Every structure is written in structure tokens, then in C-alpha cells.
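Look over the sequence and the fold, then read on.

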Amino acid sequence: MEIAFGIILIVLAAAVVACVLMQSGKDKSLSGTITGAGENFFAKGKGKSKDKVFSTVTTILSVIFVIVAVAAVIVITNKYGA
């Protein structure tokens, strides 16, 4: 049972890290304004919607990660009677 919780937690942690790394930075638009590298009008919406999806997925995966971690602690504590 402990091995299953460990594997699930490792997979969830890797997924959370991947989702966070796939998001673009919040200061992207400011640096583009200063350097003059403006974005296309039609491309602005795509970036925002992708970031919104990654943000939502990151939030959901993080909540699942915390729930599984707490469940693992409860199950292991009850099993060994600590």
C-alpha cells in the first residue's frame, strides 16, 4: 500500500512540475512592450487561454496531490498504530 501511495505521489508531483513549467511568466507582456517585440493581435488570445488551462490543471493536480498525501499519512499511521 505504501508503494502505491509513493508511486502515485511521484507521478502527481512530476505532473504538477510539468504544468508549472509549461506556463508562461506573468511579466511576459511588460518585457515585450519595453523591447518593442509586440505580439500579434490574434495571438494574444491563444496564449491567455493556454495559460488559463495550465493554471486550472495545475490547481486541480495540486489539490489531488495534497489529498493523496494526507490519505497516505492517515492510512500508514493507522496501519502501524503510531
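## A nonpolar patch

In this predicted model, Ile3, Ile7 and Val11 make a nonpolar surface patch of about 320 Å². Patches take residues with over 30% relative accessible area and no salt bridge; nonpolar side chains (Val, Leu, Ile, Met, Phe, Trp, Tyr) are joined within 5 Å and like charges within 9 Å. Areas come from the Shrake-Rupley method with a 1.4 Å probe, and for residues only the protein chains shown count as cover.

Ile3 lies in helix H1. Ile3 is exposed, at 66% relative accessible area. Exposed means over 50%, buried under 20%, and partly exposed in between.

## Helix H1

Helices are DSSP runs of H or I with at least four residues, numbered from the N terminus. H1 has 21 residues and reaches 30 Å from first to last C-alpha, close to the expected 30 Å. That expected span is 1.5 Å times one less than the number of residues.

Phe5, Leu12, Val16 and Cys19 are the buried residues of H1. Seen down the axis, they fall within an arc of 65 degrees, so they line one face of the helix. The arc is taken from the directions from the axis to the C-beta atoms. The face turned away carries exposed Ile3, Ile10, Val11, Leu21 and Met22.

## One salt bridge

The structure holds one salt bridge (a side-chain nitrogen of Lys or Arg within 4 Å of a carboxyl oxygen of Asp or Glu). Lys79 pairs with Glu2, with the closest N and O atoms 3.3 Å apart. Lys79 lies in helix H3 and Glu2 in H1, so the bridge ties together parts 77 residues apart in sequence. Lys79 is exposed at 51%; Glu2 is partly exposed at 27%.

## Basis

Residues are numbered from 1 along each chain, and side-chain values use heavy atoms, without hydrogens and water. Local features need pLDDT of at least 70 and side-chain atom pairs 80 or more, while totals for chains, interfaces and linings use all residues.

Conventions: Helix = DSSP H or I, 4+ residues; strand = E, 2+ residues; numbered from the N terminus. Buried < 20%, exposed > 50% of the residue type's maximum accessible area, 1.4 Å probe, protein only.
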